[in-house]
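Welcome to my notebook. I kept these entries as I looked things up, and you are welcome to follow along.

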Amino acid sequence: MKNTFVKDADSYLGKMNREVALHVFRGGYYGIIDTSGDVWREHRRFALQVFRNLGLGKNLMQEKILYEVDALIEDLNELSKSGEEFSMQEIWDKRVGCVINQMLFGYRFDENTTDEFRYLKRLLSEAMREVSQPATIISLMYPITRYILPFGPIGKSRWDKMLCYWRAFMDFFDKQIVAHKVNYEEEESRDYVEAYLKEKKKCEDQGDFKSYSILQLKSALFDLWIGGLETTSNTLTWLIVYILHNPTVQDKIHEELDRVIGSGRIITTADKADLPYANAVINETQRLANLLPMNLIHELSRDVDLMGCRLKTGTAVVAQISAVLYDDKRVDVGTRVDELLVDVCMRAVLTGRSGLVMTGGARSRQGGLGELAE
Ligand code: HEM
C-alpha cells in the first residue's frame, strides 16, 4: 500500500468518471474533489495554505475549537438536565459545522443563525442520501439512462433532486460571497472566502482571469463543506459509541484525564503528549471506524507495473485501506475496541508510529485536507 499509493503517488493522482459532476453540476473543471492535475494541485495547495494562515495547528484555531468545546459542554449539561434522549451526532454536527463555517465564511452559528445551519445540514444529509442511491449513481455515471424506461423516471427525478440541492448550496455560497467586504490593502484574511477573493484579484492584476474564478470558489466551498462536516462528526460519534460499549476503556480515559488535567481547566493540544491513552483511543477509533473505506475512485495518470501486472493509464484504482487497517498481522481482527486493541495502538503512540489512519494510506500525499486535523 505504501509503495503504491505513497511512494508512487503521482501515478495515482487522476480522478475517475467525473465528467457529469464537473460539467452538469459544477459548470466546468472546478473544485478539488472531482479534479486532478494543475487545477487540483493549485486549489488544494491554496486551501491548505489558507487554513494554516488561519491558525490550523496553532493557538488561533485552537481558541475557536475550544470555544465550541465549551458550548458543547453547556449543550450536554442542559440536555442531561432534561433527562430526555438526544442525538450525539446532531451535537457534533453543529459544533464541527461552526468551526468549518468560521474557517470558510468567518462566522459561527449562534442563536440567530441556527436555522441557517439546520438548512445547510438538511441539504447536505439529503444530498448524501440521494447520491448513495443506486438509481442516482447509475444516472450520474451514464446520464442517458435517465431517459430509458422503466428506470428512466426514477433516475430522472433523482437527478433533478441532486441538481436542486446543488443549486441551493450555490445560492447560499453566492450570498456569502456577495456579503464579503474585502479590504484588498490588508494582507491578512479572516476566512477562506476573503483570502480567495484577494488571490483572485492578485491573479487578475497579472492578467490571469481563469485560475481563480467565482465558479471555482463555489465548487471548492462545496468540497470543503461536504468533505469536512460529516467525516469529522461521524468519527467523533463512533468514538462515543466505542467507549460506551467499552466501560473499561472509558474508565482508563477518565483516570488519565483526572490525573493529568484535573477538573479545573480545559484540555488543550499542548496536553497531547501527556495523554498517551486518550491518543491511543482516538487512533483506534479512526482505524476501526474506517470512515471512507473506498476513498475517492482514482485513475492512473500513467502506465504502472503493480506486483507484476501491467496497468494502463486511465485504469480506475481504489485504495483498499481496510487491508491495512484490519490486517490481522497487525491487530487481532476480532474487532472490538477492547483492551488488547487499545494496547496495540498505545504501543504505536508510544513508539511514534501513531496516525496510522490519517497518514499511512493514500491520502497522505494525494488528498484529504483533513490530514491537517492531526
Ligand atoms: C476525520 C475526519 C476526516 C476523514 C476521515 C477524511 C477522510 C478523507 C478521505 C478518505 C478522502 C479521500 C482521499 C482520496 O481518496 O484521495 C478525503 C478527501 C478530502 N477531504 Fe477529508 N477527511 C476528514 C476531514 C476533512 C476536513 C475537516 C476537510 C475540510 C475542511 C476535508 C476535506 C477533504 C477534501 C477537500 C478532500 C478531497 C481531496 C482531494 O481530492 O485531493 N476532510 N478525506
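**Two loop residues**

I began at Met307, which sits in the loop between β3 (304-306) and β4 (309-311). Here helices (H or I, at least four residues) and strands (E, at least two) are DSSP runs, numbered from the N terminus. Residues are numbered from 1 along each chain as its sequence is written. This is a predicted model, where local features need pLDDT of at least 70, side-chain atom pairs count only at pLDDT 80 or more, and totals for chains, interfaces and linings use all residues.

I looked up the backbone of Met307 and found a positive phi of about 45°, although Met307 is not a glycine. Is Met307 buried or exposed? Met307 counts as exposed because it has 6 C-beta neighbours inside 10 Å. My cut-offs: a residue is buried if 20 or more other C-beta atoms lie within 10 Å of its own, exposed if 12 or fewer, and partly exposed in between, with C-beta atoms placed from the backbone.

Next I turned to Asn290, in the loop between α12 (276-289) and β2 (298-299). Asn290 is not a glycine either, and its phi is positive, near 40°. With 15 C-beta neighbours inside 10 Å, Asn290 counts as partly exposed.

**The whole chain**

I then stepped back. The protein chain has 16 helices and five strands. Of its 374 residues, 28% count as buried. I also checked contacts, meaning pairs of residues whose C-beta atoms, placed from the backbone, lie within 7 Å. Among contacts between residues at least 6 apart in sequence, 63% join residues at least 24 apart.

**The sheet**

In what order do the three strands of the open sheet run? I read the order as β1-β2-β5, with antiparallel pairing. β1 (14-15) and β5 (316-317) are at the edges with a single partner strand each, so one side of each has no neighbour in the sheet. Two strands pair if DSSP finds at least two bridges between them. For β1 and β2 I found two bridges, in the antiparallel sense. I noted one of the partners: Gly14 is bridged to Glu299 in β2.

**Helices α4 and α5**

I looked at α4 (residues 59-82) and α5 (residues 88-105), which pack at about 155° with their axes 10 Å apart. Axes are lines fitted to C-alpha atoms, for helices over the stretch in contact, and angles run from 0 to 180 degrees between N-to-C directions. The two helices are therefore roughly antiparallel to each other. For the wording, angles under 35 degrees count as roughly parallel, over 145 as roughly antiparallel, 65 to 115 as roughly perpendicular and the rest as oblique.

From α4, Lys64, Ile65, Glu68, Ala71, Leu72 and Asp75 meet Ile91, Arg95, Cys98, Val99 and Gln102 in α5.

How far apart are Lys64 and Cys98? They are 34 residues apart in sequence and 9.1 Å apart in space, C-alpha to C-alpha. Setting aside neighbours within four places in sequence, I found Lys64 in contact with Val99 and Gln102. Lys64 counts as partly exposed, with 18 C-beta neighbours inside 10 Å.

**Helices α11 and α12**

My last entry is on α11 (residues 247-260), which packs against α12 at about 140°, with the axes 8 Å apart. These two helices are therefore oblique to each other. Val249, Lys252, Ile253, Glu256 and Leu257 of α11 make the contact with Tyr277, Ala278 and Val281 of α12.

How values were computed: Two residues are in contact if their C-beta atoms, placed from the backbone, lie within 7 Å.
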